[in-house]
Structures are given as C-alpha cells and as structure tokens.
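Student: Could you show me how to read pockets in a protein model?
Tutor: Gladly; let us look together.

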Amino acid sequence: MTSKPLSFFTQGDIKDSHRDIPTVGIGMLGYSFMGRAHTNALKKLGYTYWPPPANPQLISIAGRNGEAVREAAHRYGYQTATTDWRDVISDPAVQIFDNTGPNDQHVEPTIAAAQAGKHVICEKPLGRTADEAYEIWSAVSKTGVKGMTAFNYRFFPAIRLVKELLDDGTLGEVRHFRARYHQEWLVDPEAPTSWRLDKAIAGTGALGDLGAHVIDLARYLVDEPATVSANMATFTKERPGGHVDVDDAFDAVITFRSGALGTLEATRVAPGRKNHMRFEISTTKGTVIFDQERMNELELHLIDSTPAANAQGFRRVLVSEAYHPYWEHWWPHGHMIGWEDSFVHELGHFLSAIAEDKPVGPHGASLEDGYRCAEICDAIVRAAESGVRQEIIYRKL
Ligand SMILES: NC(=O)c1ccc[n+]([C@@H]2O[C@H](COP(=O)([O-])OP(=O)(O)OC[C@H]3O[C@@H](n4cnc5c(N)ncnc54)[C@H](O)[C@@H]3O)[C@@H](O)[C@H]2O)c1
C-alpha cells in the first residue's frame with residue numbers, strides 16, 4: 001500500500017478549491033452581545049462548513065460609540081468602523097446586512113438595507129410591535145432580497161431533531177406544548193435599568209426578549225397559535241437609572257389551530273435560573289423534553305406496548321451522531337458543541353439560501369415568521385391588559 005505524500009494538498013489545490021467558493025461581504029449593525037455572537041459564527045462558518053456556501057468577508061461594522069466600534073472592528077477583523085449604519089448600507093462591498101442592534105434599530109436600518117439591495121438578517125424580536133414587524137416584512141418582500149429573522153434556537157441540533165421526530169410521525173400528534181424561558185438577572189431590585197427595561201426601545205420586557213424564542217418554537221414545532229389568555233407583571237418599577245415600563249415576567253395559556261394546548265412563560269426574575277429555556281411536548285405517541293442548559297441532549301419517552309414497557313421511562317438521547325442535524329460540520333460523537341454554534345448553523349442556512357436562491361423557510365425563520373411571532377406578542381399584551389382571551393389574527397401581504 002502506498003501512503004499519500006504529506007504534500008497531498010498543494011498550494012495549487014487549495015487555491016483551486018477556493019476558486020469555486022463565492023465570497024459575500026458582511027455589514028454588521030451592533031458589536032456587543034449579538035454583534036459578537038454573529039461575527040464569531042461568520043468567522044467559524046468559513047472553515048467548519050466545508051465548502052461553505054459562501055466565504056464571509058467582514059467589511060463594515062456600525063455601533064453607537066465611536067471608540068468602542070473602532071475597537072470592535074479591530075478585534076473582530078472588520079475593514080471599516082462607523083457610528084452611522086447608513087455608511088454600512090451604502091458600501092458596495094456589503095451584500096448582507098446583519099442587524100444586531102437593539103429593538104428600536106430594527107425597522108429603519110433593515111428596510112433601508114433591503115432597499116439598497118442588501119440581503120437582510122435581523123435579530124428578534126423583529127419589531128417592538130406587530131405593526132413594526134409587519135412593516136419590515138412587507139417592505140423587504142417588495143425588494144426581492146432574502147430576509148431572515150434570527151431565531152437561533154431553531155438551529156440547535158436537538159431541537160431540529162425534535163422537528164424531524166414530529167414531522168416523520170415518530171412522535172404522533174401534539175397534545176401539549178409547555179415552554180418556559182427563565183433568567184435571574186433582574187432579581188436584585190438594585191440592578192440598574194438598561195435599554196431592555198425601556199418600552200420606547202425594547203417594546204416589551206421578558207415577553208419580546210425571552211418569550212419570543214418560545215413563541216417561535218411553538219409555531220415551528222407545533223402549529224399556529226389561535227387564541228391566548230395571559231398575565232404580565234412588573235415587580236420592580238423603579239431601578240437605578242430610571243422607571244421600568246416593561247414586564248419582568250409573563251405567562252400565557254394558548255390554544256393551537258390543531259386543537260393542541262400550550263403554556264408559555266418567561267421571566268427575568270427567577271433566582272438560580274441562568275438561561276433556562278425548556279420545553280416539553282406530549283403527543284399521542286410519547287413525550288420529548290429539551291433543556292437549553294443541556295443543549296446536546298433530549299429526554300424521550302415513547303409509548304411501548306411490549307412487556308418490557310413496565311421497566312420503561314424517559315431515556316436520555318445524546319444528539320451528536322454524524323447523522324444528527326448539523327453534526328456533519330463538527331466533531332466525532334460525544335465531543336460537544338455549544339450555544340454559540342447555533343449561530344453558525346443559522347448564518348450558514350442564510351448564506352445557503354442566498355447562494356442557492358432558495359427560501360429561508362421552513363427551517364429558518366422568515367420575516368413573516370418574525371411578524372407572526374410579534375402578532376402573538378401583541379395578543380399576549382392585549383390579553384394581559386384586558387383580562388380577556390384574545391383571538392390571534394394574522395395579516396397577509
Ligand atoms: N438570538 C438571541 O439569543 C439573542 C440574545 C440576545 C439579544 N438578542 C437580540 O439582539 C439584539 C441586540 O441585543 P444585544 O444583547 O446584542 O444588545 P447590546 O446592548 O449588547 O448591543 C447593542 C448594540 O447596538 C448598538 N447600538 C445601540 N443603539 C444604536 C444606535 N442608535 N445606532 C447604532 N448602533 C446602536 C450598540 O452600540 C451595541 O453594539 C436585540 O434585538 C435582542 O433582542 C438576541
């Protein structure tokens with residue numbers, strides 16, 4: 001047997017394989033939490049996906065603070081930094097506008113970018129209200145560019161596996177969807193206020209921040225919510241830095257068009273809870289449980305009519321096999337991936353949709369999905385304020 005020489009991959013081979021990979025220029029709005037998470041993913045994507053659908057080139061980044069955005073450009077590797085997102089949009093080298101700004105910066109920059117011919121991906125919640133999200137969806141859809149709402153939980157391998165188990169009938173018909181998203185960072189009444197506690201910027205509190213994720217998963221995994229009743233509460237109304245006019249927490253009881261029942265909750269005042277996003281789906285054939293803090297696992301119980309069923313309960317399924325969703329890009333089984341990698345899958349999906357001119361849905365969240373989520377958030381606010389169960393009516397273009 002002859003062994004391959006160490007020089008098997010010559011410089012020439014590498015150049016040739018690169019020649020077939022298109023490049024795509026990235027313009028980013030925001031450099032903090034999500035700006036960093038998206039940039040990290042774009043950098044990883046160029047080599048974990050091989051060949052990547054397109055090679056992201058970090059062109060331009062915008063943020064509010066000039067010194068901080070220049071530092072971010074240097075740190076992340078963007079060619080230019082600016083405090084005006086319009087500079088990003090007018091740069092001909094930018095082909096994708098990635099909006100990770102706060103919620104009040106979603107409408108105008110996203111629409112302007114699409115109208116300038118850039119493909120747009122925008123963080124959730126798409127709008128502070130359903131009206132805003134509808135405005136983005138309708139304006140972008142008239143331009144012909146691709147648009148996506150950045151609901152990254154859809155891109156967790158274990159959640160995508162749940163989707164497969166539901167779609168292929170393994171789990172049968174859904175009866176219950178129970179989801180919660182609990183964090184603790186506002187337990188201390190002396191924790192200072194920030195844009196996330198200001199209705200003018202955020203729209204809502206725990207609802208749009210955390211609840212939007214579980215609402216999107218309810219729609220993605222189960223069906224369209226039809227009616228909702230809800231409670232919302234702001235436990236600490238004055239904090240260092242100002243008055244709080246958004247919710248600390250909400251809970252909602254929903255019905256789905258299919259007849260399934262659901263409960264949704266989110267809070268930022270649950271002591272001990274760091275990033276506790278968990279859902280449990282009970283169906284005609286079993287129950288499946290996902291917990292974000294154990295993101296590479298599912299708990300699964302399938303009804304078994306054999307005698308062995310007497311000894312059966314939930315079993316832990318490690319989602320890391322090469323045949324599991326997204327794992328072809330990663331490591332040997334059991335060598336786990338992290339929260340940050342959901343953004344690699346999300347942006348890889350968006351780049352594929354652009355490169356192959358295919359729809360963002362059903363696995364990626366479209367701008368219509370972002371709008372529908374906002375319509376449900378609005379209905380939850382109306383239900384909590386009125387004390388009356390609300391019907392959820394979705395607009396069309
Ligand atoms: N998908 C997720 O899991 C997830 C997690 C956290 C936040 N988010 C969403 O991402 C968005 C950003 O949240 P974050 O946590 O990154 O916020 P952040 O406060 O950490 O960062 C906001 C960024 O926007 C910039 N910015 C603020 N106002 C601006 C303005 N007027 N013009 C230009 N730039 C401006 C800031 O300079 C900063 O870089 C929000 O919509 C939030 O809901 C999503």
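The dialogue below turns to the pockets of this model.

Tutor: This is a predicted model, where local features need pLDDT of at least 70 and side-chain atom pairs count only at pLDDT 80 or more, while totals for chains, interfaces and linings use all residues. Residues are numbered from 1 along each chain as its sequence is written, and side-chain values use heavy atoms, with hydrogens and water left out.

Student: How much space lies in the largest pocket?
Tutor: Rolling a probe the size of a water molecule over the atoms shows where empty space is left. On a 1 Å grid over the protein atoms alone, a pocket is an open set of points where a 1.4 Å probe fits, with protein on both sides within 12 Å along at least five of seven lines; lining residues have an atom within 4 Å of a point. A volume is the space filled by probe spheres set on the points, which are joined across faces, edges and corners. Here the largest pocket holds about 980 Å³. It is lined by 42 residues, and Thr100, Gly101, Pro102, Trp195 and Arg196 are the closest to its centre.

Student: Which domains supply its lining?
Tutor: Domain bounds come from an automatic or database domain assignment. Domain 1 (11-151) and domain 2 (154-391) each give at least three residues to the lining of the largest pocket.

Student: What is the volume of the second largest pocket?
Tutor: The second largest pocket has about 330 Å³. Among its 15 lining residues, Lys199, Thr204, Met232, Val381 and Glu385 lie nearest its centre.

Student: Where does Gly172 sit, and what does it touch?
Tutor: Helices (H or I, at least four residues) and strands (E, at least two) are DSSP runs, numbered from the N terminus. Gly172 is in the loop between α7 (157-167) and β7 (174-182). Contact means heavy atoms within 4.5 Å; not counting residues up to four places away in sequence, Gly172 touches Leu166, Thr283, Thr284 and Lys285.
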